[in-house]
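Hi everyone, thanks for coming.

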Amino acid sequence: MTKVLVTGYRGLLGATLMQSLPLLGLKARAIESDIRDGPALEEEVTTHNLDRKDWVIHCAAMTDVAECEQNHLKAEAINVFGCRNLIDAVKDTQASIIYISTVSVFPGVKGDYTETDRP
């Protein structure tokens, strides 16, 4: 059975995935480690013995734009270094990562942004 690990499982998207994935026949598991703690995250990911059919869905983030603007260091620790920690934790497995983001990185001037647009 395909395993799917989910970061940010307490947030709206993560909680919804934790409920929905089993309905699709997937084994959903929450990543409970703080993504800012690289060694703990790597240890937890390792315990799941991921292989090439498995996935990690990365939903953990600091999403309040105003709070991010007021607390740059915390936002960077979670949204940048936390993401890097997750990539490092998964890179020695054969699993794939799905990264969930928002359009809040774009100014909203043109709309219909693509992955090649500059944030």
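A bit of housekeeping before that. This is a predicted model, so local features need pLDDT of at least 70 and side-chain atom pairs count only at pLDDT 80 or more, while totals for chains, interfaces and linings use all residues. Residues are numbered from 1 along each chain as its sequence is written, and side-chain values use heavy atoms, with hydrogens and water left out.

Okay, the helix. I'll call it α2, and it covers residues 38-47. The names come from DSSP runs, numbered from the N terminus: a helix is H or I with at least four residues, and a strand is E with at least two.

Which residues of α2 are buried? They're G38, L41, E44 and V45. Those residues span an arc of only 130° around the axis, so they sit on the same side of α2. The arc is taken from the directions running from the helix axis to the C-beta atoms. When I say buried, I mean under 20% relative accessible area; exposed is over 50%, and partly exposed is in between, with a 1.4 Å probe and protein chains only. There's a bit of helix background here: an α-helix has 3.6 residues a turn, so residues three or four places apart point the same way.

By contact I mean heavy atoms within 4.5 Å.

Let's stay with α4, which is residues 72-90. The two helices pack at an angle of about 40°, with their axes 9 Å apart. The axes are lines fitted to C-alpha atoms, for helices over the stretch in contact, and the angles run from 0 to 180 degrees between N-to-C directions.

Next, the two ends of α2. At the start, a side-chain oxygen of D37 comes to within 3.3 Å of the backbone nitrogen of A40. That's a polar contact: a pair of N or O atoms within 3.5 Å where, within protein, one must be able to donate a hydrogen and the other to accept it, and residues adjacent in sequence count only if both atoms are side-chain atoms.

R36 is partly exposed, at 42% relative accessibility. Setting aside neighbours within four places in sequence, R36 is in contact with K74, A77, I78 and N85. E32 is in the loop between β2 and α2 as well, and E32 is exposed at 60%. Not counting residues up to four places away in sequence, E32 touches Y9 and E44.

At the other end, α2 is followed by N49, with a positive phi near 45°, although N49 is not a glycine. For context, most residues other than glycine have a negative phi. N49 is in the loop between α2 and β3 and is exposed, at 59%.

H48 is found in the loop between α2 and β3 too. Is H48 buried or exposed? H48 is buried, at 19%. Leaving out neighbours within four places in sequence, H48 contacts K3, L5 and R29.

That brings in K3, from strand β1, residues 3-7. K3 is buried, at 16%. A polar atom of the K3 side chain lies 2.8 Å from the backbone oxygen of H48, and the K3 side chain also reaches the backbone oxygen of N49, at 2.9 Å.
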